[in-house]
Amino acid sequence: MVLGAGFAGVAFMDALWEALGPQPRIDLRLIDRNNFKLFTPLLYQVATGLVSPDNISYPVRRRTRRRGARFQESLVQGIDLEARRVLTDDGPVPYDTLVVALGSVTNFFGMQDVARHALTLKTLGDGITVRNRLIDAFEEADVTTDPERRRALLTFNIVGAGATGVELATAIDNLINLVLLRDYPGINAEEVRIRLIEALDRAVPEMSEGVCRFTAKRLAERHIELRLGDPVVGLEGDRLRTRSGNLLPPGTTIWTAGVRANPVARGLPVEHGQGGRVVVTDTLQLPGHPEVFCVGDNALITDPATGRPVPPNAPAAIQMAQATARNVARRLRGEPLQPFRYHFKGELLSLGRNHAVLHLGGLLLDGFPAWVVWRAFYLTELMGMENRVGVMADWAFAYLSRLRESGRLICEPALAEEEGVMPTLAGRMR
Ligand SMILES: Cc1cc2nc3c(=O)[nH]c(=O)nc-3n(C[C@H](O)[C@H](O)[C@H](O)COP(=O)(O)OP(=O)(O)OC[C@H]3O[C@@H](n4cnc5c(N)ncnc54)[C@H](O)[C@@H]3O)c2cc1C
């Protein structure tokens, strides 16, 4: 039984199928609250109208069918380790071997007021909400006569200058400069503020020094304000308060400042580390429960090569899942399990139109060549030919029209709010 059909869950299923052959005599079931796998690396492009939400979501049943597995759409509510049952909103499901791959959730570090105020970028719905919020802000700024309100509507505070925050900030900058300022001629570029707020003392702190240097340079070129070493600690009215006591100018707040383990994983009666991630053995099993494996963002294991925790990212999740599939196959054959080893593959970061930075071995590349590699890499990583062709078409159309003819920049906030379709759509700043 696999909980979570994200990067790790699907990679586990594929690798187990390879390890056991096409007709395994096992009953493999995948449970997820959604029947699609979300390709998160391109979520910021949904949020900025560059790609269609459909093109970054892959129907999981298509893959389970090919792998001889079953899919169940249910919300996992807990795991009873003693009774070997998963508790779901559709009732309990027993298991012999369990792989917990439920990923992570946004971490507001206990600040409930900030959580209520900010938009997040974690689910497909979040991506669509951010996109609509951006457009809605420009629509309202275009007609408001209150200068203070107009300033707030044209201010975007992105909390967390990690890879997600930086990619989002540079994409918002592109969207505004290439599309919105043309569509809203009454708004000037000088009125728009994009601000990145980072708790640590550099941008993309999870990446290498070279990537950080290129990123800081690019942000400065684009006049994206970078506030370092001053974490957000709360909210006063509609203004974010930082540790140094500063109150930031009000605006749309998008929170990309960290993740913690999924609540189901956090609820397991085992040892937890940073962000509530489950501390696992070197074979990614729960101590005392060899029948339970924990992989991806919700697992914590130290990389012996660096002495640091394996990072919560997609390549690490996939590697953990593949290692676990091979170990599950060994376990079925009665062979000893092999410890997990993480292999660092390199770093890639998009910095807006025609700009990216690539760090591979000793090579550090930025600008257009890195941007081409970035696009080619993520295109091949997408699941399914239909999604690849869809994203390629979205990119080609946006590139050739310099984004100007993007058809994805429509929002109907009043209608959506009225019908309760998307309650977060319109009301965040009002
Ligand atoms: C906006 C964004 C951009 C990112 N960009 C990159 C990037 O460029 N490169 C990179 O390497 N990493 C990136 N990441 C991180 C990457 O997405 C994660 O590290 C990766 O998804 C972890 O894989 P996972 O399988 O552990 O979790 P996920 O892929 O998140 O899968 C977890 C699955 O569990 C399901 N689930 C959760 N809770 C429940 C429940 N209670 N019941 C049922 N199902 C449940 C979810 O629906 C989901 O399908 C990004 C993350 C975000 C949010």
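The largest share of the shell around the ligand comes from helix 10, which gives three residues. Helices here are DSSP runs of H or I with at least four residues, strands are runs of E with at least two, and both are numbered from the N terminus. Helix 10 covers 314-333, and along with helix 1, residues 7-20, it belongs to the helices that each supply at least two residues of that shell.

Before I go on, this is a predicted model: local features need pLDDT of at least 70, side-chain atom pairs count only at pLDDT 80 or more, and totals for chains, interfaces and linings use all residues. Residues are numbered from 1 along each chain as its sequence is written, and side-chain values use heavy atoms, with hydrogens and water left out.

Back to the ligand. It is surrounded by 28 residues, the closest being A8, D32, T40, V76 and N262; a residue counts if one of its heavy atoms lies within 4 Å. By class, 14 are nonpolar, 10 polar and four charged. Here Ala, Val, Leu, Ile, Met, Phe, Trp, Tyr, Cys and Pro are nonpolar, Asp, Glu, Lys and Arg are charged, and the others, Gly among them, are polar.

Now the polar contacts, meaning pairs of N or O atoms within 3.5 Å. A nitrogen atom of the ligand has a backbone N or O atom of V76 at 2.8 Å. For D297, a side-chain N or O atom is 2.9 Å from a ligand oxygen. P312 places a backbone N or O atom 3.3 Å from an oxygen atom of the ligand. On its own the ligand has 990 Å² of accessible area, and the protein covers 88% of this, by the Shrake-Rupley method with a 1.4 Å probe.

Three bridges link strand 9, residues 98-100, in parallel to strand 21, residues 289-294. Among the residues there, L98 has V292 of strand 21 as its bridge partner.

Last, an open sheet of three strands has the order 25-26-27, paired antiparallel.

Conventions. Pairing = 2+ DSSP bridges. Polar contact = N/O pair within 3.5 Å; in protein donor to acceptor, adjacent residues only side chain to side chain.
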